[in-house]
Amino acid sequence: MPVISFDVGGIGEVVTKDNGEIIPLNDFSLMRNKLLSNRVYPFEGEELLKEKFNWDYSAKKYMELFKKIGMKD
């Protein structure tokens with residue numbers, strides 16, 4: 001499966017032009033464009049980006065996990 005990843009850690013040792021693409025760290029605009037233009041594995045689109053790839057959604061999911069494992073807010 002092709003990989004689209006930010007340039008973090010040792011990802012460059014694993015991801016090559018043959019199996020994916022590396023995006024410069026924190027270039028969210030380019031990452032968004034690559035995800036939306038992916039033809040091999042179509043992405044669900046702009047609405048999914050807005051719905052699930054944001055800080056509010058992430059914070060909500062972390063709080064759910066913390067409560068599940070017994071941490072209090």
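This is a predicted model: local features need pLDDT of at least 70, side-chain atom pairs count only at pLDDT 80 or more; totals for chains, interfaces and linings use all residues.
Residues are numbered from 1 along each chain as its sequence is written, and side-chain values use heavy atoms, without hydrogens and water. Local features need pLDDT of at least 70, side-chain atom pairs count only at pLDDT 80 or more, and totals for chains, interfaces and linings use all residues.

Q: Why is the contact between Lys-34 and Glu-21 called a salt bridge?
A: The term needs a side-chain nitrogen of Lys or Arg within 4 Å of a carboxyl oxygen of Asp or Glu. The closest N and O atoms of Lys-34 and Glu-21 are 3.0 Å apart, so the pair qualifies.

Q: What makes this pair a tie between parts of the chain?
A: Lys-34 lies in helix H2 (residues 28–37) and Glu-21 in strand E2 (residues 20–23), so the pair links parts 13 residues apart in sequence. Helices (H or I, at least four residues) and strands (E, at least two) are DSSP runs, numbered from the N terminus.

Q: Why is Lys-34 called partly exposed?
A: Buried means under 20% relative accessible area, exposed over 50%, partly exposed in between (1.4 Å probe, protein chains only). Lys-34 has 26%, so it falls in between. Glu-21, at 27%, is also partly exposed.

Q: How do you know that Lys-61 and Glu-64 form a salt bridge?
A: Their closest N and O atoms are 3.2 Å apart, so they meet the cut-off. Both residues are in helix H4 (residues 55–68), three residues apart, or about one helical turn.
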